[in-house]
Amino acid sequence: MKIQEAIKIIISHPEKNFFQSVQAKLPASNAELFYLTTLEDLRPYAQKVDPHVNVVFVGREFQSNKELNELIPLDLFKEKWLIFLLSASAQEFVVNYLRQFPRSIFLPAEIPPSVVSHNLKAIVESEIQFAAAKTRREIAEYLVNCLKILYREKTLDENLGELVNYLPKIFPYDYWAVFTVDPELHQVLHFAQFVPPHLRKNAIITPKLEKLALGFATRGEEFELSYHQDEHLFRKLREWGWHVEQIYFLPFRLKGEVGGGILIGNTKETKETKEGMNFLSSLAEILSQRVLRFFKIAKIGQFSDGFADQLIANRFSEEAILQIACKMINQVTDADSTIFWQINRGFGFLFPKYSYFKKSESTPREIEKNIIFLNKDPQFNKIISSDATHLLENVAENPDLNLATRQTFAKLEYGNLFIAPIRIQHEEIGVIIANKKKKNDRFMPWQIDWVEQLLKKLHTVLHDTFVVREANYKLKQLSRIFELGNEIKLDLNLEEILARILQSIRKTLGWNDAVILRSNDFLKSYEPVRKVGFDKKGNFVIDFFKPVPFQEFNKFIRKCKKISSSYFYESHPVSVNNHVLPAEHELISEWHDQDLLAIPIETRRKYLGYLIVHDPVDRLKPTEDKVKALEYFANQAAVAIENSYLYENLQTSEERYRALAETMTLALVTCDFKQKILYVNPAFERLVGKEKRVLTKQPLSSYFTDKSKEKLAEIVETIEKIDETRKSIENVELELIPEQGEVIPVSTFAFPFYQQRQKVGFFLVLNDLRLAKKLERLKADFNSMIVHDLRSPMNVIQGFLELIRNRVVGDINSEQEELLDLAKENVKKVLMLVDNFLVASKIEVGKFSIEPKVNELNSLLERIIENHKLLVKNKNITIESRLNKNLPLLLFDPLRIEQVMNNLLSNAAKFTPEGGKITVTTDLYQKEIKGEVKFFARVGVHDTGVGIPPDKIDQIFQKYEQAESALTLKSAGTGLGLSICKEVINLHGGEIWVESEVNKGSHFYFTLPIEPSIEKFIK
């Protein structure tokens, strides 16, 4: 298998200078020139040299066609290139004869030698390409035949035997041997040799020959050796039947390790051509694949485990794992190429990330520019989204794929595909596609089975790698933030802190230029407060070297592409296949001088500004990981800026509240939980009659009466235990002991005192109640006088009405009696109002009390119910009772309980429409109080009236409060009844409450404690 490396050219010309000029213009390595002075020498010299090209000078020396045929015979030169240099004296019959040559070129004899050289160059290049193509075709044909031999359904020994008998037919070497060795290089497993037939009687296969082959394999390298280099070795070879003067050894490898070799011997020394060497290399590759298949079938589990162990032991990165997987799958499946296509679900496309090609295959140019848009090919999208592997045959003609996908596959010379989706943490990251170009070259079942086992290991390793990578990444980011946090001191001003953050971004993350824009809400703009880099003004889309109005900056942001929570401005969007690629595309990722990345500086959903970076050291567009790293530092800037705001506000607030505390009329004191005074305002000094320097660090309790000290201790204890749901204690009345004078009643407001988010004490605000108490007493006295003045005439009127109604002073008719009843009822109402007013006045001044007695509750209720039945008779309202007969005797004030029932029943009658019903109930009721179960008698008053709105229920027991439903019925009263009821029940040690639903009625309840002993009554 040898070809002419140089193109032979014969030049027949009468002038040698012409030959020398042509020779000087041609490359010596590509052409071999011969010079003839006379045309008579052309024929015998051409028969001897067998040239590719002939340059012939044609003059007047020809007299006939016969003479021409003798000098330039048609049969000898018909397949050769001929350049005829025709002189002006050349006869016409000569030209006609020469035109019979199919590969002839006619030039004037006077033409410069350079033109002839130019034509010869073109012919030489054409001949070299033709010869190379012919050789490649022959080599491809021979390799196919070798493949057929090796992959016949026979044993490996039989395959190798057929191969060594075929090789001498296509390759001019005399002796051949092909052998395999075990992976540990301990022994030869298979050995097949070819010896020329006439020398076979002397040829024997001996262990020594196999041992020699094993030694060559152990060396693991290609070599060529001649007799004069190692005479002893060649004498031994002759003893073993190899009568050679030269040997050549070429090992083949399995997964990088020597698996055997090809040994070639020749009876004379010769130099092998480049094409021959390529053939042997390809043959070695074919042998390695065949032997590899043999071993894989025999040890498939060992290979699979070894792959995972190799990846884990070497702690490869995700990228390296995928690259190794591509190579491994390519070798296992004997594919022409294996490519990992990375998926971007956000933008819906696939792009090639890692690839592996056969050594005999040339990598397609610009493979990274091939993109598949999944949203335009639902069938392919469905395939890669599944968990299973797929086989696609003859993809260029597959009607299920859309045209754009088929065109992309055609560029990559895709034929039959094996498709394996890759997932990490149940998320698609891409797909591995192994490709066999040839239509009849299909994936074998054993290959698919092995790859699927390999993929299981691959997914496990990728998962573990992902977990480790994420942990390391987070650790690295936390380390960076922690490092920066150590550098930022509280005593640094904002500009120094921001400068350190920017320097850290430049040093740690590799951005040459960075600037922080701070939001100015007053001027409605973002102002540059600190920058590093940006030494020269670039032609950027915005000018951030001066304040940028909010509106202008927002327009800039709308032009950006969002990555994570940040914004990337791409000044030169890359377009491939008529589609603009997203910023995350890593293969076409050059950073341009006008590109910008803006990271929001925000806290609590409020934008404080932006961090803008430019000119990364690696000159690559930002990935999401790079952006997130920047966002960590933007968060640090946000904390710094917010702390600056807070510090300024804190200073302002501190000054404001100090001024407020110093000027307020209410007394303010701050204490720790041991009641040691930390601060008092001037109002407290005046109230106590001592100066601040005397009061500070003194116990607060020393300024209160003994009874108030207990209450103060309870306040402090409650403040210590107080939670976020209850933030203060209000309206606790204490008695303060001043330096001089009488005891001062004060109303207190207490709330916790915090330092550095720790509760360290409490504030106490005191309101002097002396004036208020005096006013209350005056008010109570006035109210008592007014009530007394009202009650006396009303009692007289009631007495006179009773005398007339009882006919003491004469007879009255029925109409007069009815009018007198109405007058009596209204007088009774007025007396009830006066009584309520009097009770309320007593409650305000703390003079209201009850006189409990042992009584039977049900009998009192029955009497009250009967009285009210007469009052509601005109409204057609029914009053019923369901009283528990098992109630014991209770300790209560019958007069006040009757007052409570009158109020409740009056309200029920007032707000129940005609035809309604009122029900009075009693039952036993128990409640756990401070871990102890207490028993009560519960009284209920139920009506079918208008009900109470939910937002009013908590208000109706307050003074002068009424539900809106009362006003709608024009039955407004003083609003004192229920507040009096509450006070009465509280004095009894019970509770009162209401349950109500609008338009469905109300249910009022109150409880009276059941006392098992007589102690309380005695008390």
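1. The model is predicted: local features need pLDDT of at least 70, side-chain atom pairs count only at pLDDT 80 or more, and totals for chains, interfaces and linings use all residues. Residues are numbered from 1 along each chain as its sequence is written, and side-chain values use heavy atoms, with hydrogens and water left out.

2. Helix 13 spans residues 378-385, and its Phe380, Asn381, Ile383 and Ile384 are buried (under 20% relative accessible area; exposed is over 50%, partly exposed in between, with a 1.4 Å probe and protein chains only). These residues lie on the same side of helix 13 because they cover an arc of only 160° around the axis, taken from the directions from the helix axis to the C-beta atoms. Pro378 and Lys382, on the other side, are exposed. Helices (H or I, at least four residues) and strands (E, at least two) are DSSP runs, numbered from the N terminus.

3. In strand 17 (residues 511-520), 9 of the 10 residues are buried. Strand 17 pairs in the antiparallel sense with strand 25 (residues 606-616) over 7 bridges, and with strand 18 (residues 525-532), also over 7 bridges. Pairing requires at least two DSSP bridges between two strands. Leu517 has Tyr610 of strand 25 as its bridge partner and stands opposite Pro528 in strand 18.

4. The hairpin of strand 17 and strand 18 has 4 residues between the strands, and Lys524 there takes a positive phi near 55°.

5. Val796 is in helix 22 (residues 770-805). Val796 counts as partly exposed because its relative accessibility is 45%.
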